[in-house]
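Trainee: I have a model open and would like to go through it with you. Could we take it one question at a time?

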2 protein chains.
Amino acid sequence: MKLNKNKRTLIDCDVHVYPVNADAIKVYLDQPWKHRFGIRKNMLYKNPLKPTDKNPPSGGEAGTDPVFLREQLINQNGIAHAILFPRANVTANHDPDYSTAVASAYNNWLADTWLNKNNDDGVFKGSITISHQDPYAAAKEIDRWAGHPHFVQVLADSGARAPFGQRQYYPIYEACARNGLPLAIHPGSDGMGINQLVSQGYPSHYLEYYTGFSFAMQSHLVSLLTEGVFERFPDFRVVITEGGVTWLPALMWRLDMEYKGLRSEIPSVKRIPSEYLREHVRFTSQPLERPRNDQDLLEVLDMMDAEHLLMFSSDYPDSNFESVEAAFPKMSESMEKRIFFENARDFYKL
Amino acid sequence: MKLNKNKRTLIDCDVHVYPVNADAIKVYLDQPWKHRFGIRKNMLYKNPLKPTDKNPPSGGEAGTDPVFLREQLINQNGIAHAILFPRANVTANHDPDYSTAVASAYNNWLADTWLNKNNDDGVFKGSITISHQDPYAAAKEIDRWAGHPHFVQVLADSGARAPFGQRQYYPIYEACARNGLPLAIHPGSDGMGINQLVSQGYPSHYLEYYTGFSFAMQSHLVSLLTEGVFERFPDFRVVITEGGVTWLPALMWRLDMEYKGLRSEIPSVKRIPSEYLREHVRFTSQPLERPRNDQDLLEVLDMMDAEHLLMFSSDYPDSNFESVEAAFPKMSESMEKRIFFENARDFYKL
């Protein structure tokens, strides 16, 4: 895409922001949680590459400084809205009360630090962090923020002990639906603490772990589509983030095919899975698989109806994302408009 | 494909055969294993559809009668060779000695029942069942059968406690390589007994479980390609069976892309993963994802180089496989020849 920095023609659907230190969260925690809280580096699977070009001159780590992020990401790329994803990693913890308290503190922090004084123009849009260990508390937390002008979605780590179509999660989906907020599923906490890992046991390298997020997302997606969730909650919507993109046609071909043979097993599902997908699910683009031949990618994007289902994301500052210009191969102008702007505008009602 | 029953122009790379009852295996077991052995129906995830049209008139279940299988599958479809996959499910068990003994008994049974008196013309080709809980014993079992004229591969369930690239499995790969036998990975025992399930916890339905075998296969494949297995064992080859097909381009685009960024993590891997794949890995076709538009499938088959990597399979008698004629959309004659015959002939040196 040809970038025009002066025209704000982009919505970035996956931008990561972090508290500058543990105290920034602790001020929102009561005892006994305050005492217990600390920001731990993941004990497992860390990206071995550690680029420093996104660290703010203020001294914190990448993604901690709203002023610098505005300068480096928003202004340099003409971004109209950035959907912010804090990374609280709350779902790895065994204690649902602790996890709920931390999720709640992250929401207060996000509202006060990113969605308030630093957001006069409304560029930043926030995600309501929830702990899905306690779906009832999560639903309450969603209700607590639902009236806020800048929270536009609910955020759940993919790390879980059960696939997301299963019934224990329904209070969350009900709260999302009644407040018109989609649920974003983002990689995180997979295989850590109390969570499953969608893998044949623990792999040896970060490369495998990171690639494996695509299996994690597919596993949740299959569950959501085959448990009748979208029949039960017709206003519930989902966005799959940072899990890869081009696996979608193969998965949906398979799922629609199996549905034809095995639909007697899932009577609550009334239509082929890909119909629910089209109405209820969107995907963010980073990391986008890039074959040697651009034409192959364009064909697969066409097969998955990326024109309607895909939303641009940079995954700033975590990814190897290089530039907006190089994010996609050359596409038609109308396709670019949809992926870089219109799909997200419509989905998030911006 | 247009079928000519009188010309044997097909190799079927995934045909399931079963002992007619537990005694058929017990005769090959010593105590204390004989006492312990029984053929259990899977306690988890059973295909709810139970077609009876493949049950032999002799009274056993489908896949138990060599004479009837010849009639219904081999002769009706002009099959030159059928690669037989017994389903011992040995990898779900906690005891490596028991599992090894059962694997061994299945091999004796297969040799005596299917590869001997019923195989004068050599149509049936067998798989050496191994228990990967004891890789040293598995290697011995491979050596035991390696001289047999009709065993053409080694068979491992995908169900495992660790991804297949990891080092504990290397005695198996060494034995495969020195005997020129590929390793077939087939769905089975996933999430059962002691094994992992490549899913966010246990899904509710067989449909999800069955679809999820594609994630199981991708997980093993990523591990094999990123652990340097094919550098260490240049003669080792793998065939991925019954795990779906069309996910391959997306996976390899992603893996090659991540390799470019993260290769410093895996110094034993010298080339991009897709190069090893092309040289060392093949896939069987059933269940082949079928999109509404045949052209989409043909394009993806082209992207994955199905002309060289894909081998026809029926999954008889387990699958919903309908007919050889309907197995693929219309392809070029040379592509048909490769997928239905030549790829398997070359891979198995038939």
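Trainee: Is B:Glu227 buried or exposed?
Mentor: Keep in mind that this is a predicted model. B:Glu227 sits in the loop that links α8 (213-226) to α9 (229-232) in chain B. Buried means under 20% relative accessible area, and the value for B:Glu227 is 5%, so this residue is buried.

Trainee: Which residues of chain A are in contact with B:Glu227, leaving aside its neighbours within four places in sequence?
Mentor: Good one to look up on screen. Within chain B, the contacts of B:Glu227 include B:Gly165, B:Gln166, B:Arg167, B:Tyr170, B:Ser268 and B:Val269. From chain A, the residues in contact with B:Glu227 are A:Ser204, A:His205 and A:Glu208.

Trainee: How many residues does the contact take from chain A, and how many from chain B?
Mentor: Every interface residue of chain A, 100%, is an interface residue in chain B too, so the copies meet through the same surface. The count is 63 residues from chain A and 63 residues from chain B.

Trainee: What rotation superposes chain A on chain B?
Mentor: The superposition has an RMSD of 0.0 Å, with 0.0 Å of shift along the axis, and the rotation is 180°. The two copies are thus related as by a two-fold rotation axis. In chain A, the C-alpha nearest that axis belongs to A:Val198, at 2.3 Å. To come back to what you asked, the rotation is 180°.

Trainee: What area do chain A and chain B bury between them?
Mentor: The size of an interface is often given as the accessible area lost when the parts come together. Here 62% of that area lies on carbon and sulfur atoms, and the area that chain A and chain B bury is about 5,300 Å².

Trainee: Which element gives the largest share of the side of chain A that touches chain B?
Mentor: Four helices of chain A each supply at least two residues of that side: α7 (206-211), α8 (213-226), α10 (248-262) and α12 (294-303). The largest share is ten residues, and it comes from α10(A).

Trainee: At the start of α12(A), which backbone nitrogen does a side-chain oxygen of A:Asn293 reach?
Mentor: Look at both ends of the helix. After α12(A) comes A:Asp305, with a positive phi near 55°. At the start, the side-chain oxygen of A:Asn293 comes within 2.9 Å of the backbone nitrogen of A:Gln295.

Trainee: What separates A:Glu258 and A:Arg254 along helix α10 of chain A?
Mentor: Their side chains meet in a salt bridge, 2.8 Å from N to O. A:Glu258 is buried at 4% relative accessible area, and A:Arg254 is buried at 2%. Being four residues apart in the helix, A:Glu258 and A:Arg254 are separated by about one helical turn.

Trainee: Is A:Arg271 buried or partly exposed?
Mentor: A:Arg271 forms a salt bridge with A:Glu279, with the closest N and O atoms 3.0 Å apart. A:Glu279 is partly exposed, at 45% relative accessible area. With 28% relative accessibility, A:Arg271 also counts as partly exposed.

Note on methods
Residues numbered from 1 in each chain as written. Chains lettered and ligands numbered in written order. Predicted model: local features only at pLDDT ≥ 70, side-chain atom pairs only at ≥ 80, totals over all residues. Heavy atoms only, no water. Least-squares fit on C-alpha atoms with pLDDT ≥ 70 in both. Contact = heavy atoms within 4.5 Å. Buried < 20%, exposed > 50% of the residue type's maximum accessible area, 1.4 Å probe, protein only. Buried area = accessible area lost by both parts, 1.4 Å probe. Polar contact = N/O pair within 3.5 Å; in protein donor to acceptor, adjacent residues only side chain to side chain. Salt bridge = Lys/Arg side-chain N within 4 Å of Asp/Glu carboxyl O.
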